[in-house]
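Biologist: I would like to learn how to read aromatic contacts in a model. Please take me through them.

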Amino acid sequence: MSRFARSNRVIYWEEPIFEEHTTAPKLETRHCATTGVTIVTPHVPRDMPTVTQQQVLRSLLDILLADCKGPLVRWYYTPLMLPFSRHVIAAATIYDCMDELANFRFASPELIPLERQLLALADVVFTGGFSLYEAKKDRHPAVHLMPSSVDQAHFKSARHPDELPDDLAGIPAPRLGFFGVIDERMDVTLLAHLADAHPDWSLVMVGPVVKIDANELPRRSNIHYLGAKPYGTLPAYLAGWQVALMPFALNESTRFISPTKTPEYLAGGTPIVSTPITDVVQQYGNLTGVFIANDPAHFVTACEQALTLNAENPSWLEEADAFLATQSWDLTQARMAELLVKELGENGWSRPMTLWSDRYDYVVVGAGFAGAVLAERLASQHGAHVLVIDRREHVAGNAYDRRDEAGILIHQYGPHIFHTNSDDIVTYLSQFTAWRAYEHRVLASVRDTLVPFPINRTTLNRLYDLALDSDAEAAAWFSAQARCDGPIENAEDMVIAAVGRELYELFYQGYTRKQWGVDPSRLDKAVTARIPTRTDCDDRYFTDKHQLMPANGYTALFNAMLDHPHIDLALGVEWADVKELVSASHVIFTGPIDEYFDHRFGRLPYRSLRFDHQTLHCGTFQPVGVVNYPDPAVPYTRITEYKHLTGQRSHRTSITYEFPSDSGEPYYPMPTAAAQACYRRYRELAEHTPDVTFVGRLATYRYYNMDQVIGQALATFKRMGIRQGIRIPEDIRRSIAI
C-alpha cells in the first residue's frame with residue numbers, strides 16, 4: 001500500500017476496536033509520513049448488538065468517504081469488512097486473499113459465505129501463496145498469485161547490527177528465534193522437545209500470544225517469551241539469533257499459509273529451520289539456507305546443522321540474495337498495477353458493481369431453515385438464480401452455532417436439538433452434513449432434586465419416594481391425581497386434567513408463567529399439549545425415530561446448503577433497505593408477516609429470550625444437556641451445557657442461562673385468541689399478494705420444530721414447482737412427500 005500511496009490516496013481501514021467503556025463511536029485517523037498511507041481505526045461500544053455495530057461502521061465509513069473525489073477502489077484483505085461497505089459504489093473491487101482465515105481458531109462462521117459474496121463482487125483476486133492460489137483459482141476468472149515479498153533493506157540491517165536489544169542481549173547464545181503471532185499455528189510440543197533436547201540453547205519467542213492460553217505454552221528455563229515488538233525493531237532481534245525457527249503445527253490453520261517471515265529471515269542472513277509447510281517447501285525448500293524437518297527428532301538435527309552453516313558454507317547467503325532479488329515489494333506492486341490496468345482498462349477501472357445489479361428469479365428474505373431450504377431447492381433443482389438476504393450477520397437463523405473462547409460449539413440462541421420421524425428429511429439434510437447420534441435428556445430442578453422431565457415413572461418414584469414398577473401402576477397413579485371439572489379450555493386445564501394440580505404447580509405453572517409472561521390459564525391449551533407424560537422409565541426428551549446433531553454444527557450445515565453458484569448471500573441487510581433496489585420475479589418471505597405489511601393491523605405479539613453465555617473452568621457443570629428451573633423464584637427457565645450436545649472434550653465447559661423476555665428478537669408467537677385473530681387479518685393480506693410466498697415460523701405465526709419447518713419448506717417448493725409447470729425429478733418428489 002505504501003507503493004500505491006506514491007500516486008494514489010490510500011486509506012487503510014483497520015479492524016474495529018470494541019471498547020467496554022465508551023458510549024459514542026468514533027474514528028481515529030492518522031497519516032503515516034513514512035508510507036504515505038492514511039490509517040483509520042473505528043472505535044465502537046462492545047455492548048452494541050452486532051446489527052447495530054454494522055450500521056454504525058457503515059455510517060462512519062460514509063462520513064469518511066464524503067470528501068473523497070474521483071473513482072474509488074475497494075481493496076479487501078478480509079471478507080468480514082464486506083457487510084458495512086458493500087453499498088459503496090466502486091470503480092473496482094479487489095480481494096487480496098493472504099490467508100485462509102476460515103481455518104483459524106475461533107474464525108467467524110460468516111467468513112465462508114461472505115467470501116463467496118466477495119468473490120462474486122471482485123474484479124481481481126490476489127492470493128498470498130501457492131496453496132491459496134490452487135484453492136481459489138477455479139472460483140474466479142481473474143485469480144493471480146502474489147507470494148509474500150520482503151523489504152530487503154529493512155531486514156538486511158540485521159547482518160550489521162549496532163547493538164542488541166536489552167531484553168535479548170542478556171540471553172546466552174546460541175540463540176534460536178522466532179518472531180510472529182504465537183497462536184494455534186505454533187507446535188508447542190515441538191518447541192518443548194527442542195528446548196529439552198538442548199538445554200544449552202536459548203529459544204527466543206518474539207510476538208503476542210493470541211487465541212491460545214499463555215499458560216499452555218511450554219515453560220523451560222531456556223525458552224524466553226519476549227512479547228510483541230514494533231516492526232521497526234525486528235531486524236535488531238533477528239541480528240542476535242544464530243538460527244531462525246518456524247515451528248508450525250501441521251493443521252487446518254497452517255494448510256494454506258505462506259509465512260512472510262521466510263524471506264524476512266533470509267534477508268536478515270539467518271538460516272531457517274521449518275516444519276514442512278507446503279508453501280515453504282515449494283518456494284524455499286531447495287535453498288541451502290532453509291532446512292525442512294518432518295518430526296521433532298529431525299527438527300533438532302536440522303537446528304544442529306543450521307548452527308554450523310555460516311562457518312561451513314557461507315556462500316549460502318549469495319544463493320539466498322539471488323533468490324530474494326525477485327521478491328521485492330516494488331516488483332510485486334508493479335505486477336499488481338500492471339494486472340489491474342490489463343483487467344480493468346487504462347482509463348479507470350471497469351464498471352461500478354453492486355450486489356443488487358443483477359435480476360434474480362427469487363429473493364429469499366431470511367437465511368434460517370425455511371429460507372435456506374427453499375433457496376437450495378430452487379437453485380439446485382430449477383436452476384434458479386436466488387438472492388438470500390438476512391438482517392443478521394450470519395446464516396442459520398436461530399439455529400446458528402459458533403465456537404466460543406474455549407473452542408466449544410455453543411448455540412447462540414439457545415439449544416437446538418434435531419429430531420424427526422421423517423426418513424426423507426434426514427436423507428435431504430444428509431447431503432449437507434454428517435451426523436452425530438444424540439438422545440436429548442432434560443432434568444427439572446424440583447424440591448432441590450433433579451428429576452427426569454417429561455414426567456415419567458422415575459420422576460414419580462424419586463419425588464414421592466414411591467416404588468411404582470410397571471406402566472399400569474404409574475398410569476393408575478396419574479389417574480388418581482388427574483382432575484377435570486369441566487371442558488378443557490386453556491393450558492392450565494390441559495395439564496391438571498392429565499396429572500393433577502400438585503404436579504402442575506411443581507413443573508408447569510411457574511415455568512409457563514416465566515416463559516410466556518402470563519398465567520397458563522390465559523394461554524391456549526396447545527401450549528402444554530406438546531409436553532407428554534410417561535408411565536415408563538424412558539427419560540429421553542424426544543421419542544422420534546431420528547435423534548441427531550449435525551457433526552460439525554448447524555452453521556456448517558447451512559454453509560454447505562447455500563454453497564451453490566446460483567445462490568448469492570447478503571448478510572447484515574434489512575429487506576426494507578433494499579427492496580426497491582432488488583429486481584426479482586418472486587419474493588419468499590420468512591420474516592415476521594406483520595413486518596412485511598408495515599404493521600398495518602398492529603404488531604403481532606411475540607415472546608423473546610435473553611441469553612447469558614458463560615465459560616467455566618470445570619469439566620462439567622450438570623449431568624445432562626438441559627436442566628429446567630420451574631420455580632418462579634428463579635429468574636431463568638433453563639441452563640444448557642453444550643458439551644453434552646456436541647460430545648466435545650475439554651477441561652473447560654460452556655453453559656447458557658436462558659431468560660424469557662417481552663422485548664428482543666421474536667421467538668415464540670403468543671398462543672392467545674387475540675393474537676391469532678390479528679394474524680388471520682395478515683394472512684388474508686398475504687393470500688392477496690401473489691408475488692410473495694410466506695413460509696416459516698415467523699411468516700405463518702406458528703411455533704414449529706426444525707423438522708416441521710424443513711417439511712413446510714419442501715412442501716412449499718413442491719407447490720411452487722407444480723404451479724410453474726416444472727417437472728420435479730422422482731427422487732426429489734419422494735423427498736418432499738411430507
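Biologist: Are Trp477 and Phe478 buried or exposed?

Modeller: Both Trp477 and Phe478 are buried; buried means under 20% relative accessible area, exposed over 50%, and partly exposed in between, with a 1.4 Å probe and protein chains only. This is a predicted model, where local features need pLDDT of at least 70, side-chain atom pairs count only at pLDDT 80 or more, and totals for chains, interfaces and linings use all residues. Residues are numbered from 1 along each chain as its sequence is written, and side-chain values use heavy atoms, leaving out hydrogens and water.

Biologist: How many aromatic pairs does the structure hold?

Modeller: A pair of aromatic rings is described by the distance of the centres and the angle of the planes. Rings of Phe, Tyr and Trp (its six-membered ring) pair if their centres lie within 6.5 Å; planes under 30 degrees apart count as stacked, over 60 as edge-to-face and the rest as tilted. The structure holds 37 such pairs. In one of them, Trp241 and Tyr265 have ring centres 6.2 Å apart and planes at 70°, so the pair is edge-to-face. Trp241 and Tyr265 are both buried.

Biologist: Why is the pair of Trp477 and Phe478 edge-to-face?

Modeller: Because the planes of Trp477 and Phe478 stand at 80°, with the ring centres 6.1 Å apart.

Biologist: Which residues form one aromatic cluster?

Modeller: That cluster is made up of Phe589, Tyr596, Phe597, Phe601, Tyr682 and Phe694.
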